[in-house]
Amino acid sequence: MNPVKITAVSNIVARVWPECTVEGVAVPSGVSDMPMSDEETIEGSKNRALAAREALDADFGFGLEGGVHPWAGGLLLMGWVAAVDKNGRFGLGGCGRLPLPKIISDRVLAGEELGDVMDDLLHDHNSKQKEGAVGALTGNLITRVEAFQFGVANALGRFVTEGFYDD
């Protein structure tokens, strides 16, 4: 039900199907509140996409999941978007990557959720439903909506192109 995620889906879907209605629904990710790898974040996005499609009996379900992934320099901020249609075909798209500063990585690795860390550092509440970490760390050159829009567009790729995917 995060308005950032609903806006990201709405903005991209409207470019493909202008008459389409996008509706948010609260569904579990089936993964930890702070996904700590690409694999876990992808799993969460797929779980959400399936559950959303089923809950609304929709033509498509989307699952948007933010997380972090370890690398030699600490943690990378990233996100994944899954789209699933009524036939069970999945599309998957990444949202880009950004190294987290050590002060943030250390706190996440110590068990804090990134949203809580960002709220503390930004002296804000629920920043993940606003600019989020990506907005704060890029000076809003990339907003959280824009980052997720990139993932939504990538996830829809298999559904709006022909001849590239084996269905």
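Asp85 touches Arg53, Asp59, Phe60 and Phe159, when residues up to four places away in sequence are not counted, contact meaning heavy atoms within 4.5 Å. The model is a predicted one, in which local features need pLDDT of at least 70 and side-chain atom pairs count only at pLDDT 80 or more, while totals for chains, interfaces and linings use all residues. Residues are numbered from 1 along each chain as its sequence is written, and side-chain values use heavy atoms, with hydrogens and water left out.

Asp85 is found in strand S2 and is buried, with a relative accessible area of 5%; buried means under 20% relative accessible area, exposed over 50%, and partly exposed in between (1.4 Å probe, protein chains only). Helices (H or I, at least four residues) and strands (E, at least two) are DSSP runs, numbered from the N terminus.

Three strands form an open, antiparallel sheet in the order S1-S2-S3, two strands being paired if DSSP finds at least two bridges between them. Strand S1 (60-71) and strand S3 (90-99) stand at the edges with a single partner strand each, so one side of each is left without a neighbour in the sheet. From one strand to the next, the twist averages 20°. Helix H6 packs on the sheet, touching S1, S2 and S3, and its direction makes about 150° with that of S3; axes are lines fitted to C-alpha atoms, for helices over the stretch in contact, and angles run from 0 to 180 degrees between N-to-C directions.

A search of the whole structure finds nine salt bridges, each defined as a side-chain nitrogen of Lys or Arg within 4 Å of a carboxyl oxygen of Asp or Glu. Among them are the following.

| Pair | Closest N to O |
|---|---|
| Asp85 and Arg89 | 2.6 Å |
| Glu112 and Arg107 | 2.9 Å |

Salt bridges that share partners join Arg107, Glu112 and Asp120 into one network.

Arg144, which lies in helix H6 (residues 144-160), is buried yet has no salt bridge, and the nearest side chain of opposite charge, Glu113, is 7.9 Å away. Its side chain does reach the backbone oxygen of Lys128, at 2.2 Å.

Key. Lys, Arg positive; Asp, Glu negative; His and termini not counted. Polar contact = N/O pair within 3.5 Å; in protein donor to acceptor, adjacent residues only side chain to side chain.
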